[in-house]
Amino acid sequence: MAFFKVQGIVKFFGGLAAVNGVSFEVKEGEICGLIGPNGSGKTTIFNLINGYFALAKGEIQFQGEKISGLKTHQICQRGVGRTFQVVKPLKRMTVLDNVIASAFLRHHPRSDAVKLAEETIEFCGLTHYKDKIAKSLPIASRKRLEITRALATQPKLILLDETAAGLNPHELEEAIRLIKKIRDSGITIIIVEHIMKVIMTISDHIVAINHGMVIAKGTPAEVVSNPEVIKAYFGEDYRA
Amino acid sequence: MKRPSGPFLLLGLLLILPLMLRDAYYQHLMILVLMWVAIGSGWNLISGFTGQVLFGAAAFFGFGAYTAALLSSKLGVSAWWGLPLGGILSVAIAFPFGWICFRLRGPYFALATLALNEIFRHVATIWESLTDGMIGILVMQTFISKLPYYYVALAIAILSIVTVDLVMRSRWGYYFVSIREDQDAAESMGIDTLYYKMLSLCISAFLIGIAGALYTNYMGFIDPKVVFSLHEISIMAILVGIVGGVGTIYGPLVGAFIMVAVQEIFRTGGFGVLHFIGQSTGWPFMSGVIKYVSEAHVLSFGILVIVVILFLPNGIVGDWSLIRKSLFKSKKPAV
């Protein structure tokens, strides 16, 4: 039984098949990178896993159970957390309140939720910003807040959508360290990322997609040397 | 919360106020203020804290009012039973309405609540065999003195504020604000947004419905034009919320006081001051001025809202620190 399995999922936007028969599996405890050029359907796949969009065809299984067809909040309750590429902080709440609201999912008395929220904030290195209003944070910290909030729901699988985009080299190092730390704490990760440095250093396994279809799967080294992947990124002329 | 003694001082003041303020007219105004505190708190919970703008508070208000009135006129039961029952039946309306209409977001939901308001107004007008239509329903008042009504209204106002305060400190409160700030983020945090929006609406409807039943008991007469009125109830509820402070616990209290005061100042021509000027000076145009001023109270609401939105976008309670600062600054040069 695969920990997480996507089987032949299809999603149309009007007449366009944004995701067209994508299948892949993720083993427990690994980091799976999802790469592909702009508009290839990576975020759409996240939205399908997350239940934000309904599937046209196919099935998504998590821990042996079908999760496609469930509502977004139910999928989160099953243990799949996500972050948004375009960050969605709860703007007029403090960082702590953002995370407490998440922590309430599995921790009922308020004091328990606050405790978990504070631990998660410390784990992600946001302690410094704890009492700041979320909309006042710089972008790197907002991305971090997205992760913190997702972690506070105590997921078994977390979907990270371009959490390293727009960060400077120093922030990038920190982001990589955080992602590894999340993996080491036993959470399986699927990550969408454009920055090759991030994806190559942390992924155990990469799925490359283009035009909504899987064009390559394998270890980072295998995928980057795959002719289809090079063609998708650089065009015909660079074909190896 | 910084000064926990504040609310208790206020409560003490409100408890003894009618004993000092013996004039029936001012007692009447205070009863209205307290009723508006309940309506404003209800509106604020769903709109201010949960972010789902309720444009049809009168739907629940009128429903509560008619529940109380019909209990008395059709079933011969005391209209006071309308207080709990009006609240409960308003929830019974809010529940299916929310279940259907919370699929709509933002302004579309607001318009749906407006439609609910209008549906009930028309039903109450047309269904004459039940409601006597535009003739309205007369209910015998229980007390001649205003004092009992005042204390009932005060109890309802306290119930509303305490309810909203308790809810907002709980997990529900965090969820409501999360939904207001970003519904998609809230959903992906595992919050069943439909469920919690309905919960918020039901609590609001309960508080507004009770206020409606209080209105019937106190005024002794209702008709569809008054209790389902768009501008006198639904819009007023929004104004109370906005002026006092959207998403603040004590905002509706301040908003209710100001809005009732503004309404009365215009309606009575500055509490009779204009009338007095007209009489003592004998200026013939004063009667015209009085007429226009009393008709301008709706206009004054509009101007007040514009001023509040421009200068105090978070309302008087929400921007209290700002007000204090500017007052302090303007005083300082004088010192």
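1. Leu13(B) sits in helix H1 of chain B, which spans residues 5–20. The model is predicted. Leu13(B) has a relative accessibility of 44%, so this residue counts as partly exposed. Leu13(B) also belongs to a nonpolar surface patch of about 530 Å².

2. Next, a helix pair in chain B. Helix H2 (residues 24–49) packs against helix H7 (residues 147–169) at an angle of about 20 degrees. Their axes are 9 Å apart. Angles under 35 degrees count as roughly parallel, so H2(B) is roughly parallel to H7(B). The crossing of H2(B) and H7(B) is left-handed.

3. Now the charged pairs. Side chains of opposite charge can pair when their charged atoms come close. Searching the whole structure gives 15 salt bridges over all chains. Several are worth a look in the viewer.

4. Glu65(A) forms a salt bridge with Arg78(A), with the closest N and O atoms 3.2 Å apart. Glu65(A) lies in strand E5 (residues 65–66) of chain A and Arg78(A) in helix H2 (residues 72–78) of chain A, so the bridge ties together parts 13 residues apart in sequence. Glu65(A) is partly exposed, at 45% relative accessible area. Arg78(A) is partly exposed too, at 32%.

5. Which pair crosses between chains? Arg92(A) forms a salt bridge with Glu181(B), the closest N and O atoms being 3.0 Å apart. This pair runs from chain A to chain B. Arg92(A) is in the loop between strand E6 (80–82) and helix H3 (95–103) of chain A. Glu181(B) is in helix H8 (residues 171–181) of chain B. Is Glu181(B) buried or exposed? Its relative accessible area is 11%, so Glu181(B) is buried.

6. Lys130(A) forms a salt bridge with Glu118(A), and their closest N and O atoms are 3.3 Å apart. The pair links distant parts of the chain, 12 residues apart. Lys130(A) is in the loop between helix H4 (110–123) and helix H5 (139–152) of chain A. Glu118(A) is in helix H4 of chain A. Lys130(A) has 22% relative accessibility and counts as partly exposed. Glu118(A) is partly exposed as well, with a relative accessible area of 34%.

7. Finally, a network. Salt bridges link Lys88(A), Arg105(B) and Asp184(B).

Definitions and conventions:
Residues are numbered from 1 along each chain as its sequence is written. Chains are lettered from A and ligands numbered from 1 in the order in which they are written. This is a predicted model: local features need pLDDT of at least 70, side-chain atom pairs count only at pLDDT 80 or more; totals for chains, interfaces and linings use all residues. Side-chain values use heavy atoms; hydrogens and water are left out. Patches are made of residues with over 30% relative accessible area and no salt bridge: like charges are joined within 9 Å, nonpolar side chains (Val, Leu, Ile, Met, Phe, Trp, Tyr) within 5 Å. Accessible areas come from the Shrake-Rupley method with a 1.4 Å probe; for residues, only the protein chains shown count as cover. A salt bridge is a side-chain nitrogen of Lys or Arg within 4 Å of a carboxyl oxygen of Asp or Glu. Helices (H or I, at least four residues) and strands (E, at least two) are DSSP runs, numbered from the N terminus. Buried means under 20% relative accessible area, exposed over 50%, partly exposed in between (1.4 Å probe, protein chains only). Axes are lines fitted to C-alpha atoms, for helices over the stretch in contact, and angles run from 0 to 180 degrees between N-to-C directions. Angles under 35 degrees count as roughly parallel, over 145 as roughly antiparallel, 65 to 115 as roughly perpendicular and the rest as oblique. A crossing is left-handed if the near helix is turned anticlockwise from the far one by less than a right angle, and right-handed if clockwise.
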